[in-house]
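Visitor: I'm new to reading protein structures. Could you walk me through this one and show how you reach each conclusion?

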Amino acid sequence: MRVQNLLMKKVVLFNGTAVSTSDALTEYIIFENQKTIPPNAFLNYHKLKKVVFPEDIQDIGHDAFNGCQNLEFRLPRDIMFLGTRAFASVRGTKKLVIPG
């Protein structure tokens, strides 16, 4: 789904790209040069099913993906900081590997 077709309630900017909090967003690929996911960035995106992190991501803020149900993701090996409740309420995760 293209971000510009969504009804915007709130906008989060990642390197100048707008991301809506609309429930229509189901997948998001984070740019390679994005080092940080801000706190609450995807809080309660109930329909978000997949996030692709770049290998150089360093920080994922508090509650960044809290409330995202059945979220598919893979944390990069060199992540430095994982905020409190960053993935709280994520259901359906079958395997969790902590890098390092």
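Visitor: What share of the contacts in the protein with a separation of 6 or more comes from residues 24 or more positions apart?

Guide: That share is 14%. Keep in mind that we're looking at a predicted model.

Visitor: What makes up the secondary structure of the protein?

Guide: You'll find seven strands and zero helices. Reading from the N terminus, the order is simply β-β-β-β-β-β-β.

Visitor: Why is Gln34 called buried?

Guide: Buried means under 20% relative accessible area. Gln34 comes in at 9% relative accessibility, so it counts as buried.

Visitor: Where is Gln34, then?

Guide: Look in the loop between strand 3 (27–29) and strand 4 (36–37).

Visitor: How do you know that the side chain of Gln34 has a polar atom close enough to Thr36 for a polar contact?

Guide: The cut-off for the N or O pair is within 3.5 Å. A polar atom of the Gln34 side chain lies 2.4 Å from the backbone oxygen of Thr36, and that value is within the cut-off.

Visitor: What does Leu48 touch, leaving out residues up to four places away in sequence?

Guide: Its partners include Phe42 and Phe65, along with Leu25, Tyr28 and Leu71. Glu27 and Gln69 are also among them.

Definitions and conventions: Residues numbered from 1 in each chain as written. Predicted model: local features only at pLDDT ≥ 70, side-chain atom pairs only at ≥ 80, totals over all residues. Heavy atoms only, no water. Helix = DSSP H or I, 4+ residues; strand = E, 2+ residues; numbered from the N terminus. Contact = heavy atoms within 4.5 Å. Buried < 20%, exposed > 50% of the residue type's maximum accessible area, 1.4 Å probe, protein only. Polar contact = N/O pair within 3.5 Å; in protein donor to acceptor, adjacent residues only side chain to side chain.
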